[in-house]
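Me: Hi, I'm new to this one. Can you walk me through it?

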Amino acid sequence: MRKSNLLYLLPALAILSCSKDEITPEKEQQLVEKTELAANVEVAYPNDFGLLSDVYFAGKKITVEEIDGEYIYEGDIVFSNDMLTSKDVKLVFEKGEEIPAQKSVGRTSARWPNNTVYYSIDSSLPDKNRATDAIKHWEANTSLKFVQRTSQSNYIYFTPGSGCSSYVGMTGGRQNITLATGCSTGNTIHEIGHAVGLWHEQSRVDREKHIRINYSNIQSGREHNFKTYEESGSDGDEFTSNLDFGSIMLYSSYSFSSNGQPTIVKLDGSTFSVQRNALSSGDKTGINNMYPSGGTTEPVNPTYTNGEYYTISGVRVLRHKDLWYYYSRSYGWKVVELINDRWYYAR
Ligand SMILES: [Zn+2]
């Protein structure tokens with residue numbers, strides 16, 4: 001269901017009407033479209049504000065926007081209904097306990113086995129070269145192979161939509177990358193980045209070493225788009241040592257700005273420009289660390305630091321004295337173990 005822009009913006013209007021700039025909802029919407037389009041930044045529904053919903057993802061409450069029955073996060077990332085629950089669900093089990101049938105919530109970063117991504121292009125997609133050129137770019141610059149789907153069950157489907165959007169990682173089954181006519185080959189390279197497992201560059205866990213978020217310039221209700229992937233309960237890892245200002249996965253300095261002022265700045269307060277032309281050298285390094293050539297399905301062994309939180313197999317856990325700890329309201333902190341991709345309380 002689409003929500004009218006006006007309804008959604010009423011609280012913002014109430015605050016903004018007191019300011020001397022007199023920003024009306026219409027003006028705010030125009031500013032948003034202008035800044036996103038000028039910056040070539042991907043948005044799934046450029047002309048709509050969604051109904052904000054609080055949902056559970058990997059045992060954490062997060063805010064998503066619901067538009068046309070889809071759940072949108074950070075502008076162009078889609079969560080399927082299967083990944084989310086309206087109530088918190090059990091994620092850690094006693095050994096020997098029967099696992100209840102429940103959604104496999106919170107798993108987004110699954111990688112494509114054997115470095116091979118299957119895809120298919122909707123025959124009604126205008127300018128199909130955007131998809132094939134973007135694929136060629138990925139193949140020329142990374143260890144990933146893209147193969148036209150015949151009967152494989154897991155595949156990307158390039159299809160028309162109101163904006164540019166994608167799921168993150170291999171979700172299982174058909175997963176759409178939507179491309180409106182305004183989505184360029186560069187935007188398509190970005191959306192493929194999500195589908196192979198990349199979050200936005202500014203949602204890195206170590207981003208505060210490189211950027212600052214100006215929350216006062218973000219549209220009211222859109223602050224949830226500026227969390228790190230870890231804060232939003234997603235699986236992830238850093239595959240390069242620094243935030244890359246050249247990354248094709250980076251938001252613009254003005255993304256989701258309510259007033260034309262920057263929402264993301266470098267630590268010295270300056271803005272940066274975004275590019276949507278090609279994978280940067282940092283993007284290539286990260287992807288080739290995620291998908292080492294040789295096609296192993298095993299990820300590079302990550303190193304875990306004591307005292308840090310990680311989200312692994314859909315559960316947020318704390319590394320402490322080389323063990324994993326999980327906090328629940330009923331048990332407090334308990335040692336847990338990962339067995340066959342499920343978390344169990346250690347005895
Ligand atoms: Zn994106």
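**A first look around**

Reply: Let's start inside. Val336 is buried, with a relative accessible area of 3%. Keep in mind that this is a predicted model.

Me: Which strand holds Val336?
Reply: Val336 is in strand S15, residues 332-339. Val336 and Glu94 are 242 residues apart in sequence. In space, their C-alpha atoms are 9.5 Å apart.

Me: What does Glu337 pair with in a salt bridge?
Reply: Glu337 pairs with Lys95, at 2.8 Å from N to O. The two link distant parts of the chain. Glu337 is in strand S15, and Lys95 is in the loop between strand S5 (92-93) and S6. Glu337 is partly exposed, at 30% relative accessible area. Lys95 also counts as partly exposed, at 30%.

Me: How many salt bridges does the structure hold?
Reply: Six. One of them joins Glu42 and Arg276, with the closest N and O atoms 2.7 Å apart. Glu42 lies in the loop between helix H2 (25-38) and strand S1 (51-57), and Arg276 in the loop between strand S11 (264-266) and helix H5 (281-290), so the pair ties together parts that are 234 residues apart in sequence.

Me: Is Glu42 buried or exposed?
Reply: Glu42 is buried, at 3% relative accessible area. Arg276 is buried as well, at 7%.

Me: Which residues form a network of salt bridges?
Reply: Glu201, Arg204 and Asp206.

Me: What joins the side chains of Asp76 and His200?
Reply: A polar contact of 3.1 Å. Asp76 is buried, at 0% relative accessible area. His200 is buried too, at 3%.

Me: Which side chain of opposite charge is nearest to Asp76?
Reply: Arg276, 6.9 Å away. Asp76 has no salt bridge. A salt bridge needs the nitrogen and oxygen within 4 Å.

Me: Let's switch to helix H3. Where is Ile135?
Reply: Ile135 is in helix H3. At 5% relative accessibility, Ile135 counts as buried. Its C-alpha is 9.6 Å from that of Val147, 12 residues apart along the chain.

Me: What do the side chains of Asp133 and Lys136 do?
Reply: They meet in a salt bridge, 3.8 Å from N to O. Being three residues apart in helix H3, they are separated by about one helical turn. Asp133 is partly exposed, at 34%. Lys136 is exposed, at 54%.

Me: What is the phi of Asp127?
Reply: Near 50 degrees, a positive value in a residue other than glycine. Asp127 sits in the loop between strand S6 (116-121) and helix H3 (129-141). Lys321 has a positive phi of about 50 degrees too, and it is not a glycine. Lys321 is in the loop between strand S13 (315-320) and strand S14 (323-328). Lys321 is exposed, at 65%.

Me: Last one. Which residues form a nonpolar patch on the surface?
Reply: Tyr309, Tyr327 and Trp333, with about 330 Å² of accessible area together. Tyr309 lies in strand S12, residues 309-312. At 34% relative accessibility, Tyr309 counts as partly exposed.

Methods. Residues numbered from 1 in each chain as written. Predicted model: local features only at pLDDT ≥ 70, side-chain atom pairs only at ≥ 80, totals over all residues. Heavy atoms only, no water. Patch = residues over 30% accessible without salt bridge, like charges linked within 9 Å, V, L, I, M, F, W, Y side chains within 5 Å. Areas by Shrake-Rupley, 256 points an atom, 1.4 Å probe, with all protein chains shown as cover. Helix = DSSP H or I, 4+ residues; strand = E, 2+ residues; numbered from the N terminus. Buried < 20%, exposed > 50% of the residue type's maximum accessible area, 1.4 Å probe, protein only. Lys, Arg positive; Asp, Glu negative; His and termini not counted. Polar contact = N/O pair within 3.5 Å; in protein donor to acceptor, adjacent residues only side chain to side chain.
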